Amino acid sequence: MKPIKLKINTKTQKYSIIIGSNLMFNISKIIRDNSINFKKCLVVIDKNISNKTISQIKKSLNRKKIYIHFFKASEINKNINNVNKILDILLNKNFSREDCLISVGGGITGDISGFAASLFKRGLKFINIPTTLLSQVDSSIGGKTGVNTKYGKNLIGSFYQPNLVISDIQFLKTLPNREVICGYGEILKHSLIANKNFFNFLNRNSKKIINLKSPFIEKAISESCKIKKNIVEKDEKEKNLRKILNFGHTFAHAYEASLGYSKKLNHGEAVILGMKTALSFSLKNNLLKKDEYFLINNHVTNSKLPSNIKKFFKTQDLKKIMSFMLKDKKNYSDKISLVLLKKIGSPIINKEYDKKNLSLFLKKELSN
Ligand code: NAD
Ligand code: ZN
């Protein structure tokens, strides 16, 4: 299949996303074709990327001076110390703003590399090569970068758009099924907040997508990217519309934080559980109709996505979950702001709910 090219046009940067297969042999040409010039680059690579791929990348970039930095991706390692390590290499090797930082990895590697790129001399060239389904459909687009702290997830960060994104489907072949499901969670989110036809496509083809069957996986990735592109182009800095991308995330971030960002619950899995909670809350508040609520819930069950919150939490965890929800950066008062769903494709933002009301609801969800 010919690579698909999407152009992102934000106020601060215009850049392309190239989606295709076997692109790593050709990175140099893709970079040149997109008019990005540099002599020196630091490639931050996720430790789980195969040696074969690393050799392909090195070979393709052989005319440039390359430094490689390996990074062990985990939510715990998504911290400011690891950003410092990258900055230190850039300083030590005398990088200028005309040089380039390249991230090869999932959302964690991309988020910390992008943050380092935004800080170094107030910004050097940045190319993102996402290697997980989640990063190809979501985190590599739109310029949010950042790190976690003990107070919560992604609480320190910046908006910094890349100069180019290269999404090679080949990477997904080595991705564990659990990580594919995580990416599918964000694809499902995009359909729910923006496009009922896309949801129907997912509902018919989820198994083929999760098994990475062509052309279903390509369509799922490109449609998902288009939805995110349309949103971030209209509202790059999350003044309003972009908040819809946080559907399920206020709950998800609190779930992840409550489990100490451990491997017990990955981000994408937390998002699926968070969306389930948000849908249930939407139903309870008479926003979402029963038929659509059941349609989505059946989709989650039939596609074998994580769906049982009680596998992860007990009622005793309620206090902890609530405290993280209150620390979420989208909240400006004691009330908790949520993104809910009216219909598939029609989200509602800026709905504020009382802490008590929400706590009672969550208690029931955890004990039902
Ligand atoms: P990740 O980067 O941790 O990758 C998941 C796992 O897959 C890791 O163990 C990694 O080493 C491994 N891996 C990566 N590529 C692989 C490959 N090709 N083959 C085999 N293994 C591979 O996680 P993720 O799910 O990609 O990203 C989650 C992160 O993204 C979260 O921290 C989340 O907050 C962030 N995120 C950011 C945005 C944004 O807009 N910036 C949006 C959504 C999510
Ligand atoms: Zn997410």
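Along the chain, the donors of the zinc ion (ligand 2) follow the spacing E-x62-H-x17-H. The two histidines link distant parts of the chain, with H249 in helix 9 (residues 249-258) and H267 in helix 10 (residues 267-284), 18 residues apart. This is a predicted model, in which local features need pLDDT of at least 70 and side-chain atom pairs count only at pLDDT 80 or more, while totals for chains, interfaces and linings use all residues. Residues are numbered from 1 along each chain as its sequence is written, chains are lettered from A and ligands numbered from 1 in the order in which they are written, and side-chain values use heavy atoms, with hydrogens and water left out.

**Zinc ion (ligand 2)**

- E186 (OE), H249 (NE2) and H267 (NE2) are the protein donors, lying 2.0 to 2.1 Å from the zinc ion.
- Donors are N, O and S atoms within 2.8 Å of the metal (3.2 Å for Na, K and Ca); water is not among the atoms, so sites may look incomplete.
- H249 counts as buried because its relative accessibility is 5%, and H267 counts as buried at 16%.
- Buried means under 20% relative accessible area, exposed over 50%, and partly exposed in between (1.4 Å probe, protein chains only).

**Ligand 1**

- Ligand 1 is surrounded by 25 residues, of which E75, G107, T131, T132 and T174 are the closest; a residue is near a molecule or strand if one of its heavy atoms lies within 4 Å of it.
- The shell residues divide into six nonpolar, nine polar and ten charged. Ala, Val, Leu, Ile, Met, Phe, Trp, Tyr, Cys and Pro count as nonpolar, Asp, Glu, Lys and Arg as charged, and the others, Gly among them, as polar.
- Domain 1 (4-174) and domain 2 (178-367) both give residues to this shell, so ligand 1 lies between them; the domain bounds come from an automatic or database domain assignment.
- An oxygen atom of ligand 1 is 2.8 Å from an N or O atom in the side chain of N48.
- A nitrogen atom of ligand 1 lies 2.7 Å from an N or O atom in the side chain of T174.
- Taken alone, ligand 1 exposes 870 Å², and the protein buries 92% of that; accessible areas come from the Shrake-Rupley method with a 1.4 Å probe, and for residues only the protein chains shown count as cover.

**S206**

- S206 is in helix 7 (residues 196-210); helices (H or I, at least four residues) and strands (E, at least two) are DSSP runs, numbered from the N terminus.
- With a relative accessible area of 6%, S206 is buried.

Technical notes. Polar contact = N/O pair within 3.5 Å; in protein donor to acceptor, adjacent residues only side chain to side chain.
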